[in-house]
Amino acid sequence: QVQLVESGGGSVQSGGSLRLSCAASEYTASYPCMGWFRQAPGKGREGVASIDTRGGTTYYAGSVKGRFTISRDNSKNTLDLQMNSLKPEDTAMYYCAADRRYYFTQGPLNPQTFDYWGQGTQVTVSS
């Protein structure tokens, strides 16, 4: 079972940037579907961005499109999320997720698509 470890979270002011990284314990090429999710206090887990095995197709939530960029490097077994123009409403715990199937079974931004999850990294954006 793959272990996913997120890093790069922190506290920034509104308008700032952060880069999250997810390190996998196995070859990420074996996990065609990967994504980032977030969960704010009192809210459900929501999809932020996802990417297919070769990184050719990406999906974004409307609230982050144009500000966040997801990327993967299968040679380094990593998944990244570049977050720019951060807003207070981006404050949440961010989770990396992966799945062995070759397609997004429940949709690219649906948590039910993914079987493997990291422990999360906190992102706090102050106004």
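Predicted model: local features only at pLDDT ≥ 70, side-chain atom pairs only at ≥ 80, totals over all residues.

Student: What form does the pair of phenylalanine 37 and phenylalanine 114 take?

Tutor: The ring centres are 5.2 Å apart. Planes over 60 degrees apart count as edge-to-face.

Student: Is phenylalanine 37 buried or exposed?

Tutor: Buried means under 20% relative accessible area. Phenylalanine 37 has 0%, so the residue is buried.

Student: Is tyrosine 59 buried, partly exposed or exposed?

Tutor: Buried is under 20% and exposed is over 50%. Tyrosine 59 has 30% relative accessibility, so the class is partly exposed.

Student: Now the charges. Which residue forms a salt bridge with glutamate 46?

Tutor: The closest N and O atoms of this salt bridge are 2.7 Å apart. The cut-off is 4 Å. The partner of glutamate 46 is arginine 38.

Student: Where in the chain is aspartate 90, which forms a salt bridge with arginine 38?

Tutor: The closest N and O atoms of arginine 38 and aspartate 90 are 2.9 Å apart. The pair links distant parts of the chain, 52 residues apart. Arginine 38 is in strand S4 (residues 33-39). Aspartate 90 is in the loop between strand S8 (78-83) and strand S9 (92-99).

Student: Which residues do salt bridges with shared partners join into one network?

Tutor: Aspartate 90 also meets arginine 67 in a salt bridge, at 2.8 Å from N to O. Salt bridges that share partners make one network of Arg38, Glu46, Arg67 and Asp90.

Student: How far from the ring centre of tyrosine 95 is the charged end of arginine 45?

Tutor: The charged end of arginine 45 sits over the ring of tryptophan 117, 4.7 Å from its centre. The charged end of arginine 45 also sits over the ring of tyrosine 95. There the distance to the centre is 3.9 Å.

Conventions. Residues numbered from 1 in each chain as written. Heavy atoms only, no water. Salt bridge = Lys/Arg side-chain N within 4 Å of Asp/Glu carboxyl O. Helix = DSSP H or I, 4+ residues; strand = E, 2+ residues; numbered from the N terminus. Phe/Tyr/Trp six-rings, centres within 6.5 Å; stacked < 30°, edge-to-face > 60°. Buried < 20%, exposed > 50% of the residue type's maximum accessible area, 1.4 Å probe, protein only. Lys NZ or Arg CZ within 6 Å of the ring centre and 35° of its normal.
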